[in-house]
Amino acid sequence: MASEPPYKKQKTSSPAEPHKIVIVGGNFAGINLAHYLLHDTLPGLQKLHPDFSYKVTLVTPNTHFFFKVTAPREIVRPDQVPEEELFPSIVENFVKYRSSFKYVRGKAVALRDADSTVIVKRDMEQEELELQWDALAIATGATPASPLWTLHDNRKETKAAIMRLHQRLAKAAASKGNKFSAVIVTGEGPLGIEVAGDVAHAYPGTRVVLMAPGERLLPSLPPQAGEDAKTALEALGVYIKLNERIVDSRPTTTNVSVMLHDGDTMSVGAYIDATGPRTLNTGWLPKAWLDEGGHVLMRDENFRIHGGPGRIYAIGEVVVGSGETAVEVDGMAATVASSIGADINTTLGGGI
Ligand SMILES: Cc1cc2nc3c(=O)[nH]c(=O)nc-3n(C[C@H](O)[C@H](O)[C@H](O)COP(=O)(O)OP(=O)(O)OC[C@H]3O[C@@H](n4cnc5c(N)ncnc54)[C@H](O)[C@@H]3O)c2cc1C
């Protein structure tokens, strides 16, 4: 943990004004936190301080949540999960909180900590929107390399990428005797393993090759886990190639041309990038708040951030040391909401 910075004095809402809580980023972390605050923390504070009122504003470019966890299954069975479960509407899910919640469609592009303001670029509008906060939560996550797993600003692009791949897979499976019909999956982690297994299971007899850049599968887990995954995949007929990487891929109308790291090229039926490289969406934050990899540095284990004028929190994949899982976000949301609640309570003169 980084040491505590000297905090600037901060203006807060007067009791007559609603306390402004701005959450930037609306998927697993941001949505979870917004629900936690609106359902538990803020109504609880209102019981303690009857004059206290609040407004939670969620700023995000996507209109719908993306339940990425089922995306690997979607590419083999795109009809398995109804669209409204894969992409539930954000606004509809917050209707019950009425005027305590506001959705702003847009992307944070910068912030001014001197007057606690986030600057938001909205697609349709020329002018940038300035949003003041009393508490700010950073939940902007990361963007994976592949368009399949990415929460595009428009969910239809994600669905279209899934459908395009599904059609290629179906075509590759239909011509499985053809030597150019192999399906190449890259990625040594859980996603690569899940995708290779799902494809092999859905299209028996199709040549599925899992390429991993290192010496073994699941390098972040004990070696036995990697061995078990390898055995299970081989039982499904997956070929595993270690120390192999794809450095370029070019889809044609019929096939995909891929280039290996040694310069060799291959024509294959489908290529699925299930590698980890992802860009953290923290470029809009001051560099001093981030580590070298772009993760937000923490001041304490309750997700108060290291930089800024205070009352700024981070949650989800942006947090330094994040396990990059959706499952950890539940616990984080409870902790961040408690930190926000405790800090507001202190401002309102309440005890700890
Ligand atoms: C294919 C796949 C399968 C997975 N399966 C599992 C699984 O089985 N189990 C598990 O635990 N985890 C799984 N994960 C990991 C899990 O999905 C992530 O850890 C989780 O999505 C992180 O949530 P997040 O809200 O921090 O980030 P994200 O989900 O990336 O959400 C970030 C949000 O911020 C928005 N945003 C970005 N930039 C800005 C900006 N400048 N201004 C405003 N908003 C912005 C984005 O549009 C998005 O709404 C999987 C991930 C993938 C890709």
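An oxygen atom of the ligand lies 3.3 Å from a polar backbone atom of Ala-142, which meets the cut-off for a polar contact (a pair of N or O atoms within 3.5 Å). The structure is a predicted model, in which local features need pLDDT of at least 70 and side-chain atom pairs count only at pLDDT 80 or more, while totals for chains, interfaces and linings use all residues. Residues are numbered from 1 along each chain as its sequence is written, and side-chain values use heavy atoms, with hydrogens and water left out.

**Exercise 1.** Find which side chains have an N or O atom 2.8 Å or 3.1 Å from an oxygen atom of the ligand, and state what share of the ligand's accessible area the protein covers.

*Solution.* 
1. The side chain of Asn-62 places an N or O atom 2.8 Å from a ligand oxygen.
2. For the side chain of Lys-68, the corresponding distance is 3.1 Å.
3. On its own the ligand has 1000 Å² of accessible area, and the protein covers 89% of this (Shrake-Rupley method, 1.4 Å probe).

**Exercise 2.** Describe the shell of residues that surround the ligand.

*Solution.* 
1. The shell has 30 residues, each with a heavy atom within 4 Å of the ligand.
2. The closest are Ala-29, Asn-62, Ala-108, Glu-317 and Ala-326.
3. By class, 15 are nonpolar, 11 polar and 4 charged.
4. H1, strand S2 (54–60) and strand S4 (107–112) each supply at least two shell residues; helices (H or I, at least four residues) and strands (E, at least two) are DSSP runs, numbered from the N terminus.

**Exercise 3.** Locate the largest nonpolar core.

*Solution.* 
1. A nonpolar core is a set of buried Ala, Val, Leu, Ile, Met, Phe, Trp, Tyr and Cys residues joined through side-chain atoms within 4.5 Å.
2. The largest has 57 residues, and Ile-23, Leu-42, Val-118, Ile-138 and Val-296 have the most contacts inside it.
3. Helix H1 (residues 28–48) gives the most to this core, with 9 residues.
4. A second, separate core has 35 residues, including Ile-162 and Leu-218.

**Exercise 4.** Is Gly-341 buried or exposed, and which residues does Gly-341 contact beyond four places in sequence?

*Solution.* 
1. Gly-341 is found in helix H8 (residues 327–347).
2. Gly-341 counts as buried because its relative accessibility is 7% (buried is under 20%, exposed over 50%, partly exposed in between; 1.4 Å probe, protein chains only).
3. Its contacts (heavy atoms within 4.5 Å) are Thr-41 and Leu-45.
4. Leu-45 is 296 residues away along the chain, yet the two C-alpha atoms are separated by 7.1 Å.

Note on methods: A polar contact is a pair of N or O atoms within 3.5 Å; within protein, one must be able to donate a hydrogen and the other to accept it, and residues adjacent in sequence count only if both atoms are side-chain atoms. Ala, Val, Leu, Ile, Met, Phe, Trp, Tyr, Cys and Pro count as nonpolar, Asp, Glu, Lys and Arg as charged, and the others, Gly among them, as polar.
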